[in-house]
Amino acid sequence: MNENLNNDLNNVDDVDIGAMMVPESGMPAVGQKKEDILLDVKGLKTFFHTDNGTVRAVNDVDFYVRKGETLGLVGESGCGKSISSMSITRIVETPPGKYEGGEITFDGKTLLRINENERYLLPEKDMRSIRGNDISFIFQEPMTSLNPVFKISKQISEPMMLHRGMTKKEAHEESIRLLDLVRIPNPERIVDEYPFSLSGGMRQRVMIAMALACEPKLLIADEPTTALDVTVQAQVLELMNDLKSRINASIIFITHDLGVIAEMCDRVVVMYAGKVVESSPIEELFESPQHPYTQGLIASKPDMATTEKRLHVIPGNVPDLTELPGGCPFHPRCYKVTERCKQEYPPTHKITDEHIVSCWEYNGSGISSEGGEEA
Amino acid sequence: MSDTALIRVKELKKYFPIQAGVVRKTVGHVKAVDGITFNIERGKTMGLVGESGCGKSTTGRTMLRLLKATDGEVIFDGNDMLKMEKSKLREFRTRMQIIFQDPYSSLNPRLPVKDIVGEAMLQHKIVPNKKEMKERVIEIIGKCGLFPEQALRYPHQFSGGQRQRICIARALAVNPEFIVCDEAVSALDVSIQSQIINLLKDLQDEMGLTYLFISHDLSVVKFISDDVGVMYVGHLVEYGSRDKIFANPIHPYTKALLSAAPSFDPKAKGKSKRIVMEGDVPSPANPPSGCRFHTRCPHVEPICKETVPENRELEPGHFVMCHKAESL
């Protein structure tokens, strides 16, 4: 891939500051640094100011992604998982959205730093050289995220011509190679088709091919298989796992489906109402979930092995983000609620190096899942 | 199966014409449902699974005569639904209801809950006047987990899960015996989904309801169903009790479908033997010859390409449409 061009682009507008590190030109790989953390998000706040009040979609969220790792972001609709990932590449529509705080570091570069004294956003021009190049997106709706009036070849070629400086002809040939890589039959023919003539699974493969076009360091997959049938989902997941080991990218996998999380991810971040409630390596999360919400979420989904007569239930509804309950936002639905939960947001406890939970009920030895009521 | 069946579907077919040209000449048919046969016992749940476009929803709607069937029989409690006179059909309408997938578009935004739920009661003269209607509505929405004061609110004031409760209340308003749940929980969040599934189960126990539960989510179908049918491009390729289908699937498509469902055990990652099918589902407008699964089947033989396999009862109550069922 065309390292020099990227670095040139990055260097052009280096307006800022000591803290911002620019990868040195000509270095073969950035992966050799002492830190193996590719993306670090700290205290991120993204709010939406609407006529009906302020929606705290992402409210003080911390997470990180290592090189070559797959991180799962899981939660129900409106928990802020998509907005968190969109904030990384700054594709949240502003206004009504606004980045209100936090710090995002990607591959040694500061993308965003907002606190009381400072409001630094990496200039838009530099962001553009990152989007679709170092960080690429796969969206949920393969039907609507491809442009219906352009041929497949043009859509895959565009980022390669832009970021990798390819000619039209080179990009066309590379498109065919990528379609072949994502196992589309007859890529020479498909490349000249329009999106409407492809099925949902094929379109999602085209999206993946586009996302891979510039060999990104980080791939953000936002519900990539939710709109697909299970059999097609299995194909796409297998493909993503295969490609990940081939290009050694990190993946942020956003989904509400814990089954898919179990299948794909190394680590999981569980979000609820704009907050991270628990974060853990995958095995630990399924074996000993700590936060009552995580426990409920795992218990309420019928497993293929479930034999019980009734499902576990988390009572109540997903809260409205404009009128969040005080204290811990989960308290109206929590079976372990105490007075303190209603007043103050709980601190974050470290259970093991990688496993953290935000709950008042954690006492150093874990939160028992006993007493989970069947509503 | 025995005589307790509330509904018998025999060789049901639904073809949609494909029209082209200025005079809208019919040039072909989308064979959405192509000759399926099954029974649903009274008080039981039949799950219908399959990929999108396989004809599950069309089956449900054709059974209720929301779509006109092309051929076949639907016997509801001894009466042939498809040949019924209009006036008699209207009477029968109260005995069968449907719950749709999307609770956002299936409720009239301009009516309050009491009218949404109560309209059919007045229409079918189940209640004599509006006053009693309101009382009855409050009773029914209470059963579905809503509060009496919510009867005066409008759909936009409810969340997705609550709206689905309203849809269920509307279906229950006319005291039906049979409800088609067409992807009724698919659009809901996980924590809300389990609430609605439990509600459906409770109502079944309480009121002796019979369900046709259409879903693409295998774990939900496994949880709620007594019998399960697997559809593929308009054919019911396998049909039997839930335990037989899930523990001992015979049709290669059922096997592939079950293996594709993600497991919850992160330790099983990469270890499970997943059958990943190549290619896409064929179009029902131009289905493959012979067995419709032959283009993707790992066990395909020449006969599969030529002859449509018969629907054979391999064990009592376990039907499979496959030439090689015995040897698999």
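Trainee: How many bridges join strand β8 of chain A to strand β9 of chain A, and do they run parallel or antiparallel?
Mentor: This is a predicted model, to start with. In it, 5 bridges join β8 (residues 218-222) to β9 (residues 250-255) in chain A, and the two strands run parallel.

Trainee: What does Asp222(A) stand opposite in β9(A)?
Mentor: That's Ile254(A).

Trainee: Ok, and which strands form the sheet in chain A, and in what order?
Mentor: There are 8 strands in an open sheet, ordered β7-β8-β9-β3-β10-β11-β13-β12, with mixed pairing. At the edges sit β7 (135-138) and β12 (348-350) of chain A, each pairing on one side only. From one strand to the next, the twist averages 20°.

Trainee: Which strands does α7(A) lie across?
Mentor: β7 and β8 of chain A, and α7(A) runs at about 175° to β7(A).

Trainee: Switching to the nonpolar core. Which residues of the largest one touch the most other members?
Mentor: Ala209(A), Ile252(A), Ile141(B) and Cys181(B), out of 186 residues. Helix α7 (residues 200-212) of chain A gives this core its largest share, 8 residues.

Trainee: What does Cys181(B) touch?
Mentor: Leaving out residues up to four places away in sequence, Cys181(B) touches Ile99(B), Leu200(B), Tyr211(B), Leu212(B), Phe213(B) and Ile214(B).

Trainee: Now α5(A). What should its residues span?
Mentor: Helix α5 (residues 168-181) of chain A has 14 residues, so at 1.5 Å a residue it should span 20 Å; the end C-alpha atoms are 20 Å apart, which agrees.

Trainee: Which residues of α5(A) are buried?
Mentor: Ala171(A), Ser175(A), Ile176(A), Leu178(A) and Leu179(A). They cover an arc of only 165° around the axis, so they're on the same side of α5(A). The cover over them includes α4 (152-163), α6 (187-190) and α7 of chain A.

Trainee: And what exposed residues does the face turned away from the buried side of α5(A) carry?
Mentor: Lys169(A) and Arg177(A). Following α5(A) there's Arg183(A), with a positive phi near 60°.

Trainee: Last one: why is α11(A) largely enclosed by the rest of the structure?
Mentor: Because 8 of the 9 residues of α11 (residues 292-300) of chain A are buried. Among them are Pro292(A), Tyr293(A) and Leu297(A).

Trainee: What do the buried residues of α11(A) pack against?
Mentor: In chain A, they pack against α9 (258-264), β10 (267-272), β11 (275-281) and α10 (282-287), together with α6 (190-207) of chain B.

Key
Residues are numbered from 1 along each chain as its sequence is written. Chains are lettered from A and ligands numbered from 1 in the order in which they are written. This is a predicted model: local features need pLDDT of at least 70, side-chain atom pairs count only at pLDDT 80 or more; totals for chains, interfaces and linings use all residues. A nonpolar core is a set of buried Ala, Val, Leu, Ile, Met, Phe, Trp, Tyr and Cys residues joined through C-beta atoms within 7 Å. A residue is buried if 20 or more other C-beta atoms lie within 10 Å of its own, exposed if 12 or fewer, and partly exposed in between; C-beta atoms are placed from the backbone. Helices (H or I, at least four residues) and strands (E, at least two) are DSSP runs, numbered from the N terminus. Two residues are in contact if their C-beta atoms, placed from the backbone, lie within 7 Å. Two strands pair if DSSP finds at least two bridges between them. Axes are lines fitted to C-alpha atoms, for helices over the stretch in contact, and angles run from 0 to 180 degrees between N-to-C directions. The expected span of a helix is 1.5 Å times one less than its number of residues. The arc is that of the directions from the helix axis to the C-beta atoms.
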